[in-house]
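Hi,

I'm passing a structure on to you, with notes on what turned up in it. Have a look at it first, then read on.

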Amino acid sequence: PPPPGGPPPPTSSGSASSFNTIYSSSDLAALSVQSKREVPHYYLTVDISVSAALSVRSSLNAGLGEDDAGISLYDFLIMSASRAMSVVPSVNASWLPDGSGVRVYSECDINLIIGTPGNTSTMLIPSASKLGLGKIAEYTASPSPSSSVGTFSIVNLGAFGVKTGSPIIVQPQSCGLALGSVETRVVPNPVPGGEIYKYEDYITATLSCDHRVVDGAVGAEWLQAFKRGVEQPNSMLV
């Protein structure tokens, strides 16, 4: 089991310092090496407007009680990813170990990759596609590390100011999603009679895919479904 209180302090030797990783970090590192060696990764990237989601988030949080978990943009993104699985279920799948085919899952269990200084771990949101925003917010507000492997993974790099990333697929999953930081852009205003340009908030999302399970067209279709949910957040709340 991992030692309590996180990893031990670094030890210095000359001009270098060494430190031991705790169990979860070492385990993830080994799995990452194996995945990059065995899985034919490819990557798809898309820019997504989050202005509407941020607006709905503000309205929802204004009506919450003191004991309710506040809803974050991350919660909207997790919800949209889980809902996209019902649109393109073949992404919620894995390559069978014996190479005989593909297994498609009826439940979408999402692993969130949690990174802290000196440690990386995962948490699990089971049956995420059946959960509302409030329940997802409860999971993300109080993350509980778990060694259980779900059917899809998300890593949120936005908290570190990173625009996007190329996540390593967590086997036996077929895909992983990296989310970047929010940035405000000046874009053309499609509304006639108003200002020529407007400010819009965007994130960049990158989907890593196992080419044995998800080809480019299917991965692109899933990303479009994910983007549509984020840009039209009210459609997920009906």
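Both Trp 222 and Phe 226 are buried, where buried means under 20% relative accessible area, exposed means over 50% and partly exposed is in between (1.4 Å probe, protein chains only). Before going on, please note that this is a predicted model, in which local features need pLDDT of at least 70 and side-chain atom pairs count only at pLDDT 80 or more, while totals for chains, interfaces and linings use all residues. Residues are numbered from 1 along each chain as its sequence is written, and side-chain values use heavy atoms, with hydrogens and water left out.

How are the rings of Trp 222 and Phe 226 arranged? Their centres are 5.4 Å apart and their planes are at 10°, so this pair is stacked. Rings of Phe, Tyr and Trp (its six-membered ring) pair if their centres lie within 6.5 Å; planes under 30 degrees apart count as stacked, over 60 as edge-to-face and the rest as tilted. Trp 222 and Phe 226 are four residues apart in helix α5, which separates them by about one helical turn.

A search of the whole structure finds two aromatic pairs. In the other, Phe 152 and Trp 222 have ring centres 5.3 Å apart and planes at 45°, so that pair is tilted. Phe 152 lies in strand β8 (residues 152-156) and Trp 222 in helix α5 (residues 216-231), so the pair ties together parts that are 70 residues apart in sequence. Helices (H or I, at least four residues) and strands (E, at least two) are DSSP runs, numbered from the N terminus. Phe 152 is buried, at a relative accessible area of 0%, and Trp 222 also has 0%. Together, Phe 152, Trp 222 and Phe 226 form one aromatic cluster.

The axes of α3 (residues 73-87) and α4 (residues 133-141) come within 9 Å and cross at roughly 115°; axes are lines fitted to C-alpha atoms, for helices over the stretch in contact, and angles run from 0 to 180 degrees between N-to-C directions. Which residues make the contact? From α3 they are Asp 75, Phe 76, Ile 78 and Met 79, and from α4 they are Leu 133, Ile 136, Ala 137 and Thr 140. Contact here means heavy atoms within 4.5 Å.

Most residues other than glycine have a negative phi, and most peptide bonds are trans. The peptide bond from Gln 171 to Pro 172 is cis, with omega near 10°, and Pro 172 sits in the loop between β8 and β9 (175-179). Ser 127, which is not a glycine, has a positive phi near 50°. Ser 127 belongs to the loop between β7 (119-125) and α4, and counts as partly exposed at 23% relative accessibility.

Asn 61 is in helix α2 (residues 51-62) and is partly exposed, with a relative accessible area of 23%. Not counting residues up to four places away in sequence, Asn 61 touches Gly 70 and Ile 71.

Finally, the overall picture. The protein has six helices and 11 strands, and 39% of its 238 residues count as buried. Among contacts with a separation of 6 or more, 60% join residues 24 or more positions apart.

Enjoy exploring!
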